[in-house]
Amino acid sequence: MIKRSLMRSGAILAFCCIAALTSSCFTQSFLVGGGAKGTQEETAQNWFLVYGLANISNTNISAMARGASGYTVTIQRTFIDGLIYNILGGLAGPETIVVRR
């Protein structure tokens, strides 16, 4: 009886840990001026504090586009970003920004 209860508790704990580590991934993309025409890209990170309430760094997306009239911006929290965020307990965490022109 006790073994069964411990196994059930362990399974619930494992499920919660997996859910916490994988639930924070997201991707958001938008086009500027018809989108990217080439394959050049630049990557940067924005850092946030306290579950995203305060911004530490500010990425200049138009500077990353380097004067291109059309580009695609992708903002994402990758698995690695989410892992860092969870290791730091939500106190600080990054988001990856990719600009394709």
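This is a predicted model: local features need pLDDT of at least 70, side-chain atom pairs count only at pLDDT 80 or more; totals for chains, interfaces and linings use all residues.

**The core.** Next I looked up where isoleucine 75 belongs. Ile75 is one of 7 residues in the largest nonpolar core, along with Met64, Ala65, Tyr71, Val73, Ile97 and Val99. I noted that α2, β4 and β5 each give two or more residues to this core, and that β4 supplies the largest share, 3 residues.

**Strand β4.** How enclosed is β4 by the rest of the structure? I found 6 of its 7 residues buried, so β4 is largely enclosed. On one side, β4 joins β1 through 7 bridges, and the two run antiparallel. I picked out serine 29, which stands opposite threonine 74 of β4. Between β4 and β5 I found 5 bridges, again antiparallel, with valine 73 opposite valine 99 in β5.

**Threonine 72.** I stayed in β4, which spans residues 71-77, to look at threonine 72. Is threonine 72 buried or exposed? Its relative accessible area is 15%, and the cut-off for buried is under 20%, so threonine 72 counts as buried. A polar atom of its side chain lies 3.1 Å from the backbone nitrogen of alanine 36. Apart from neighbours within four places in sequence, threonine 72 is in contact with Phe30, Leu31, Gly35, Ala36, Val98, Val99 and Arg100.

**The sheet.** I then zoomed out to the strand order. The 5 strands form an open, antiparallel sheet in the order β1-β4-β5-β2-β3. At the edges are β1 (26-32) and β3, each pairing on one side only. I counted 9 bridges between β2 (residues 41-49) and β5 (residues 92-100), which pair in the antiparallel sense. Here tryptophan 47 has proline 94 of β5 as its bridge partner. Helix α3 (residues 79-87) lies across β2, β4 and β5, and I noted that it runs at about 160 degrees to β5.

**Serine 57.** Where does serine 57 sit? I found serine 57 in the loop between β3 (54-55) and α2 (61-65). A polar atom of the serine 57 side chain lies 2.8 Å from the backbone nitrogen of tryptophan 47. Beyond neighbours within four places in sequence, serine 57 is in contact with Gln45, Asn46 and Trp47. I also checked proline 94: it is 37 residues from serine 57 in sequence, with a C-alpha to C-alpha distance of 9.4 Å.

**Whole protein.** The protein has 3 helices and 5 strands, in the pattern α-β-β-β-α-β-α-β along the sequence. Of its 101 residues, 28% are buried. I looked at contacts between residues at least 6 apart in sequence, and 73% of them join residues at least 24 apart. The protein exposes about 6,800 Å², with carbon and sulfur atoms supplying 64% of that area.

Note on methods: Residues are numbered from 1 along each chain as its sequence is written. Side-chain values use heavy atoms; hydrogens and water are left out. Helices (H or I, at least four residues) and strands (E, at least two) are DSSP runs, numbered from the N terminus. Contact means heavy atoms within 4.5 Å. A polar contact is a pair of N or O atoms within 3.5 Å; within protein, one must be able to donate a hydrogen and the other to accept it, and residues adjacent in sequence count only if both atoms are side-chain atoms. Buried means under 20% relative accessible area, exposed over 50%, partly exposed in between (1.4 Å probe, protein chains only). Accessible areas come from the Shrake-Rupley method with a 1.4 Å probe; for residues, only the protein chains shown count as cover. Two strands pair if DSSP finds at least two bridges between them. Axes are lines fitted to C-alpha atoms, for helices over the stretch in contact, and angles run from 0 to 180 degrees between N-to-C directions. A nonpolar core is a set of buried Ala, Val, Leu, Ile, Met, Phe, Trp, Tyr and Cys residues joined through side-chain atoms within 4.5 Å.
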